[in-house]
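Reader: I would like to learn how to read packing features in a model like this one. Could you take me through them step by step?

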Amino acid sequence: MDTITADALTNSRITAAYREHTPGSADLAKEAGELFPSGITHDARNVDPYGVYIQRAEGPHKWDVDGHRYIDYFGGHGALLLGHRHPVVSKAIAEAMNEGTQFGASHPREVQWGHAVQRLVPSAERIRFTSSGTEATLMAVRLARAFTGRTTLMRFKGHFHGWHDQMASGYTNHFDGSPTPGVLPGVAEKTVLLNPGDVEGVRAAFASNPDIAAVIYEPTGSSFGQVPLGADFAQELRKLTTQYGAILIFDEVVTGFRATKGGAQMAFGARPDLSSFAKIVAGGLPGACVAGRKDLLDLLDFNVTAKLGKEKIAHPGTFNANPVSAAAGTAALTVIAETDASDKASATAASLREKLNAVLDAEKVAWAVYGTYSGFHLFVNPSGLKIGPYNFDPTKATLEDLKNQPKGLVNKLRLAMLVNGVDLNPRGGGLLSCTHTAADVEETTEAFRQSVRMLRQEGELN
Ligand SMILES: Cc1ncc(COP(=O)(O)O)c(C=O)c1O
């Protein structure tokens, strides 16, 4: 660091060190800027001045195009509970690839995949595979509307369910429910947006609006518990949706097979009517599903709908249950069912959270690291609460305080961590896999200590 002078554009030694560390990524980012909006292919990969370009990965690690190794806490956006290139999953993918990638027909692997889901998720009486989590939540809501004959969807501020029209307002902005650019006002209007955990708000909304078809939410809280929710809220939602004849949808795209091997629904002892799964469900390849009550998924069934005299909901999708994703998903879910992968990742995460807080304590920084299961979140205390790493209770903090972590500061921390060999997620936290070891935790702890000191040197901490 000492030989590095500040970045000419940002006056930041951290940015300058990052640029010096990643020349190959800089070249590719420049090229990508001429191809893609912001040079990227997913909003969450937006890093200032540019993100690292990764060449290969193995277990908990990934290597960039300049040959640097990073301990990976991005975890394939949460898909990699088993780490990169798990041997059982890789073997299954190779075998499937050898037999063909798209048959335009049903195939044995989709049946095995369905069993693998059902084995871990008892509420999955029926399953329909899709290609992404976005499609899974889209179908869940459509099923709920068709089943109940109602039109309105209840959601919670900050909860993410993919990028389709009805999920756009209220995730990072438009908390008043107004439509985001390109979304029809009529679609946005059919959403009731509440504060997460607000049981009284839920009760009042149901009491005043007979048109609520469904409630969808991230059961452990938005972004895997950045704004935490627990079993109590799940039980209340279960009670109220049953009382008012609405459909309860657990969006388990991240929590599925991760919170516990049976997802958040197993952790909370709550049975949703429908669940959406993606990420881990397809073993690190594209793939997802909506799963749940037979009478709801029957609306996709040719014979049942004909018998009931109901109109079937159409559901094509070229790559639904494609054999390669099916093979990867079946392999991953089988490993998860038969090992302690979920619990192991959670235990390593608990130890990481503790060690990162010890760094904050030693460096006298009034931030905190918190989280549940195999995740960790960084709280950089934007409004200067009188807290320390050991006495921060996220359930007592406001939604705004938890969600509005200053982007510039968190971005700088990420750059510093990358220079020190660690890749965090855009919120400065991450998700662990069962392949992260105690040595990775130690290395990450030291990287965090160095990064905090770099931030202090740069005047970012008081
Ligand atoms: C809770 C949740 N739901 C839905 C989605 C959308 O899934 P996909 O990115 O596969 O469309 C995500 C993606 O991150 C998610 O975290």
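Predicted model: local features only at pLDDT ≥ 70, side-chain atom pairs only at ≥ 80, totals over all residues.

Reader: Where is Ser325 placed, and which residues does Ser325 touch?

Author: Ser325 is in helix 13 (helices are DSSP runs of H or I with at least four residues, strands are runs of E with at least two, and both are numbered from the N terminus). Leaving out residues up to four places away in sequence, Ser325 touches Trp113, Ala282, Leu285 and Pro286, where contact means heavy atoms within 4.5 Å.

Reader: How do I read two packed helices, and at what angle do helix 4 and helix 13 pack?

Author: Two packed helices are described by the angle between their axes and the distance between the axes. Here helix 4 (residues 108-120) and helix 13 (residues 323-338) pack at about 30°, with axes 8 Å apart; axes are lines fitted to C-alpha atoms, for helices over the stretch in contact, and angles run from 0 to 180 degrees between N-to-C directions. That angle makes helix 4 roughly parallel to helix 13 (under 35 degrees is roughly parallel, over 145 roughly antiparallel, 65 to 115 roughly perpendicular, and the rest oblique). Among the residues making the contact are Trp113 and Ala116 of helix 4 and Ser325 and Gly329 of helix 13.

Reader: What is the handedness of the crossing where helix 4 passes helix 13?

Author: That crossing of helix 4 and helix 13 is left-handed: the near helix is turned anticlockwise from the far one by less than a right angle, and clockwise would be right-handed. For a second case, helix 14 (residues 341-362) and helix 17 (residues 438-457) pack at about 25°, with axes 9 Å apart. Helix 14 is therefore roughly parallel to helix 17, and helix 14 passes helix 17 in a right-handed crossing. Their contact includes Leu352 and Leu356 of helix 14 and Phe448 of helix 17.

Reader: Now the rings, please. How many aromatic pairs are there?

Author: A pair of aromatic rings is described by the distance of the centres and the angle of the planes. The count is 13 aromatic pairs (rings of Phe, Tyr and Trp, the last by its six-membered ring, pair if their centres lie within 6.5 Å; planes under 30 degrees apart are stacked, over 60 edge-to-face, and the rest tilted). Tyr18 and Tyr50 form a tilted pair, 5.3 Å centre to centre with 40° between the planes. Tyr18 lies in helix 1 and Tyr50 in the loop between helix 2 and strand 1, so the pair ties together parts that are 32 residues apart in sequence. Tyr18 is buried at 0% relative accessibility, and Tyr50 is buried at 8%.

Reader: How far apart are the ring centres of Phe379 and Phe392?

Author: Their centres are 4.2 Å apart and the planes of Phe379 and Phe392 are at 15°, so the pair is stacked. Both Phe379 and Phe392 are buried.

Technical notes. Residues numbered from 1 in each chain as written. Heavy atoms only, no water. Buried < 20%, exposed > 50% of the residue type's maximum accessible area, 1.4 Å probe, protein only.
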